[in-house]
Amino acid sequence: MTRWQRILNQAITSPADLPRHLQPDDPGATEVSAHYPMRLNPYYLSLIKKKGDPLWLQAVPQGIELADQVCMADPLAEENLSPVANLVHKYPDRVLLLVTSQCAMYCRFCTRKRKVGTPAMVISDATVQEGLAYIRSHPRIKDVLISGGDPLLLSDERLDRLLAGLRAIPSLQIIRMGSRVPCTLPMRVTKRLCAILKKYHPLYINTHFNHPDEVTPEAARACNRLADAGIPLGCQTVLLKGVNDNAETMASLMRSLLTVRVKPYYLFQGDLTRGTNHFRTTVECGQAIMRRLIGHISGMAVPTYAVDGPYGAGKVPLTPSYIQSLDRELCFTNYQGKTCFYDNNG
Ligand SMILES: *Cc1c(COP(=O)(O)O)cnc(C)c1O
Ligand code: SF4
């Protein structure tokens, strides 16, 4: 067993096994982990400072998860848009391919909460092969997004085989992976892993950090290693109440990501996923945060604020509007709130 696998094996899977001072107050929390699994590995646990802090909220089950009467099991209609098991084909030119049900941590706000880490998510070599066959027989697909679960929890050998299989499809141009491992289990990013990944360029990785306390020296080493392997790194952050729903935290996170060579890609409005309603903010909150980022911090550090539309509508930007009126003249507000004009008689 490798070091990262040993760390993962030591993960806490029930709130009752947490150190006493980190145990949730509500007695319902233990029941939650039977519905939505808990996995808190010793690395991420070591980053939690106290009960209720932004990292604790992401990792520790709370009874409130079972009380959600608002949200849906599958808000993005992924199951309806799935022509073969574990493949979601929503946009003409790109697909999402789920290759494992496992993650280094089960985030309480996960959009695939209905199935990650549960027996309901059945993934096998056969389903992955079916996915590859689907991509091969649909040459309009240029971009595959490998996700799960977390694809970097696959063994080196399985990943190598999967990537080789995808690269053998001539019509496929881009391979993308979505992985929270650089944040939640950075020791998984070994030199050996990077040597495998770099054989399959163009390969992009979008990672997932939600709070500046997650950008540790270990996470920095993982991101630097991936970047040194020539992999462009993006970040898909989720806007979460109590975690990062204020401009100072968000600006600090986005700046920290750039220092570890991660370019913020999306900031997602919370999905309407059952069991996550307590994390949702309003869109006004997200737009107010974006107004405090745009123009105020490096443009490189500014993500696209977007909602993934319910029922498979796709991702739509929610960038606040700076346009006051547009005709023969454009009247707009700048980042400082000043009214400006631009001659539009092109
Ligand atoms: C998010 C997503 C994509 C990728 O969208 P981009 O905007 O290109 O990053 C593709 N397919 C599905 C099903 C998705 O949910
Ligand atoms: S790592 Fe990603 S897929 Fe896994 S639980 Fe967290 S948000 Fe969900």
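Reader: Where is the place of Ala-77?

Author: This is a predicted model. In it, Ala-77 sits in the loop between α4 (54-59) and β1 (87-91).

Reader: Is Ala-77 called buried or exposed, and why?

Author: Buried. Its relative accessible area is 8%. The cut-off for buried is under 20%, so Ala-77 counts as buried.

Reader: What is the phi of Ala-77?

Author: About 55°, a positive value, although Ala-77 is not a glycine. Most residues other than glycine have a negative phi.

Reader: What is the phi of Tyr-311, and where is Tyr-311 found?

Author: Its phi is near 60°, positive again in a residue other than glycine. Tyr-311 is found in the loop between β8 (304-309) and β9 (314-317).

Reader: Which peptide bond at Gly-149 is cis?

Author: The one from Gly-148 to Gly-149, with omega near 15°. Gly-149 lies in the loop between β3 (143-147) and α6 (156-167).

Reader: And what is the omega of the bond from His-201 to Pro-202?

Author: Near -5°, and that bond is cis too. Pro-202 is in the loop between α8 (191-197) and β5 (203-207). For background, most peptide bonds are trans.

Reader: What makes Cys-194 and Cys-223 buried?

Author: Their accessibility values. Cys-194 has 7% relative accessibility. Cys-223 has a relative accessible area of 1%. Both values are under 20%, so both residues count as buried.

Reader: Next, Ala-29. Which helix holds Ala-29, and is Ala-29 buried or exposed?

Author: Ala-29 is in helix α2 (residues 29-35). Its relative accessible area is 1%. With the cut-off under 20%, it is therefore buried.

Reader: Which residues does Ala-29 touch?

Author: Leaving out residues up to four places away in sequence, Ala-29 touches Pro-15, Pro-24, Pro-61, Gln-62 and Gly-63. Ala-29 and Glu-65 are 36 residues apart in sequence, yet 8.5 Å apart in space, C-alpha to C-alpha.

Reader: Step back to the whole chain. How many helices and strands are there?

Author: Eleven helices and twelve strands. The C-alpha trace spans about 65 × 55 × 40 Å along its principal axes.

Reader: What share of the residues count as buried?

Author: 55% of the 346 residues. The accessible surface comes to about 15300 Å², and 54% of that belongs to carbon and sulfur atoms.

Reader: What share of contacts join residues at least 24 apart?

Author: 76%, among contacts between residues at least 6 apart in sequence.

Reader: And how far apart are the mean positions of the positive and negative charges?

Author: They are 6 Å apart, for 40 positive and 30 negative charges.

Technical notes. Residues numbered from 1 in each chain as written. Chains lettered and ligands numbered in written order. Predicted model: local features only at pLDDT ≥ 70, side-chain atom pairs only at ≥ 80, totals over all residues. Heavy atoms only, no water. Helix = DSSP H or I, 4+ residues; strand = E, 2+ residues; numbered from the N terminus. Buried < 20%, exposed > 50% of the residue type's maximum accessible area, 1.4 Å probe, protein only. Contact = heavy atoms within 4.5 Å. Areas by Shrake-Rupley, 256 points an atom, 1.4 Å probe, with all protein chains shown as cover. Lys, Arg positive; Asp, Glu negative; His and termini not counted. Charge placed at Lys NZ, Arg CZ, Asp CG, Glu CD.
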